[in-house]
Amino acid sequence: MMHNGPQVQIRPSRESDATSACDAVNAVAAEKWYLATVDGFSLEQTRAFLKRVVDGSLPQVVAVVEEEVVGFSDIIPNTAKGFTHVGRLGMGVRFEWRRQGIGRRMLAACLSLAPNAGIEKVELEVFSDNVAAIRLYDSFGFNQEGLKLRGRKLEDRYQDVKLMALWL
């Protein structure tokens with residue numbers, strides 16, 4: 001379903017996005033099969049996370065329609081000594097806004113910000129049955145680095161977890 005209404009804007013996240021970003025993350029998490037969390041995050045956790053992102057100039061963008069967050073993408077650097085050149089990608093798009101190129105636009109924007117945060121390598125984990133996401137990551141040049149067979153079991157259903165990475 002295409003939305004012929006307002007334009008989707010891709011922009012860096014702001015602390016003022018906390019409520020809407022929390023709603024968006026929790027909506028995708030509630031679907032259970034796409035994010036590592038199925039419970040989502042509290043508004044307080046989201047506020048603290050966005051403050052860390054903004055204060056640290058970390059690569060995170062949101063897709064916004066009339067100030068409502070409909071998608072999110074971030075690359076959070078590892079803080080452990082010896083691993084700070086690596087960032088972890090997380091992203092999601094609300095169900096009703098998928099298949100319109102929003103994820104592609106967010107990923108491109110987020111990847112362009114990553115070198116400014118000292119990130120040289122972007123890693124991610126994706127469930128192997130999330131074919132659309134894998135296709136997106138492949139199109140950006142991500143390579144599979146590993147596979148966790150039956151890495152997650154939820155509601156008596158196993159999901160393999162693909163480990164993918166991109167050197168910038």
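**Entry 1: helix α2**

I started with α2 and found T46, L50 and V53 buried; by buried I mean under 20% relative accessible area, with exposed over 50% and partly exposed in between (1.4 Å probe, protein chains only). These three cover an arc of only 60° around the axis, which puts them on the same side of α2; the arc is that of the directions from the helix axis to the C-beta atoms. I was reminded that an α-helix has 3.6 residues a turn, so residues three or four places apart point the same way.

A note on what I am reading: this is a predicted model, where local features need pLDDT of at least 70 and side-chain atom pairs count only at pLDDT 80 or more, while totals for chains, interfaces and linings use all residues. Residues are numbered from 1 along each chain as its sequence is written, and side-chain values use heavy atoms, with hydrogens and water left out.

On the other side of α2 I found E44 and D55 exposed. I also checked the length: α2 runs over residues 43-55, and its 13 residues reach 18 Å from the first C-alpha to the last, close to the 18 Å expected (1.5 Å times one less than the number of residues). Helices (H or I, at least four residues) and strands (E, at least two) are DSSP runs here, numbered from the N terminus.

Which elements cover the buried residues of α2? I noted that the cover includes α1 (18-30), β2 (60-65) and β3 (68-77). Just after α2, S57 takes a positive phi of about 50°.

I looked up A48 too, which sits in helix α2. A48 counts as partly exposed, at 48% relative accessibility. Its C-alpha is separated by 9.0 Å from that of A18, 30 residues apart along the chain.

**Entry 2: the cores**

Next I went inside. A nonpolar core here is a set of buried Ala, Val, Leu, Ile, Met, Phe, Trp, Tyr and Cys residues joined through side-chain atoms within 4.5 Å. The largest one has 27 residues, of which I75, L89, I102, L107, Y137 and F142 touch the most other members. At least two residues of this core come from each of β2, β3, β4 (86-93), α3 (102-113), β5 (121-127), α4 (131-139) and β7 (157-167). The largest share, five residues, is from α3.

Apart from this core lies another, of 12 residues, among them A21, V28, V64 and V69. In soluble globular proteins, nonpolar side chains tend to be buried together.

What does I75 touch, leaving aside its neighbours within four places in sequence? I listed P59, G87, R88, L89, C110, L111, A114, I119 and V122 as its contacts, a contact being heavy atoms within 4.5 Å.

**Entry 3: helix α4**

In α4 I found A133, I134, L136 and Y137 buried. Down the axis of α4 these residues fall within an arc of 160°, so they line one face of the helix. They pack against β4, α3, β5 and β7. After α4 comes G141, with a positive phi near 95°.

**Entry 4: loops and positive phi**

R150 has a positive phi of about 50° although it is not a glycine, and its relative accessible area of 56% makes it exposed. E155, in the loop between β6 and β7, also has a positive phi of about 50° without being a glycine. E155 is exposed, at a relative accessible area of 53%.

Is N116 buried or exposed? I found N116 exposed, with a relative accessible area of 67%, in the loop between α3 and β5. N116 and P59 are 57 residues apart in sequence but 8.2 Å apart in space, C-alpha to C-alpha.

**Entry 5: the whole chain**

Stepping back, I counted four helices and seven strands in the protein chain, running β-α-α-β-β-β-α-β-α-β-β from the N terminus. The radius of gyration is 15 Å, close to the 15 Å that the globule rule gives for 168 residues, so the chain is as compact as a globular protein of that length. That radius is taken over C-alpha atoms, and the rule is 2.2 Å times the number of residues to the power 0.38.

Along its principal axes the C-alpha trace spans about 40 × 35 × 30 Å. Of the 168 residues, 43% are buried.
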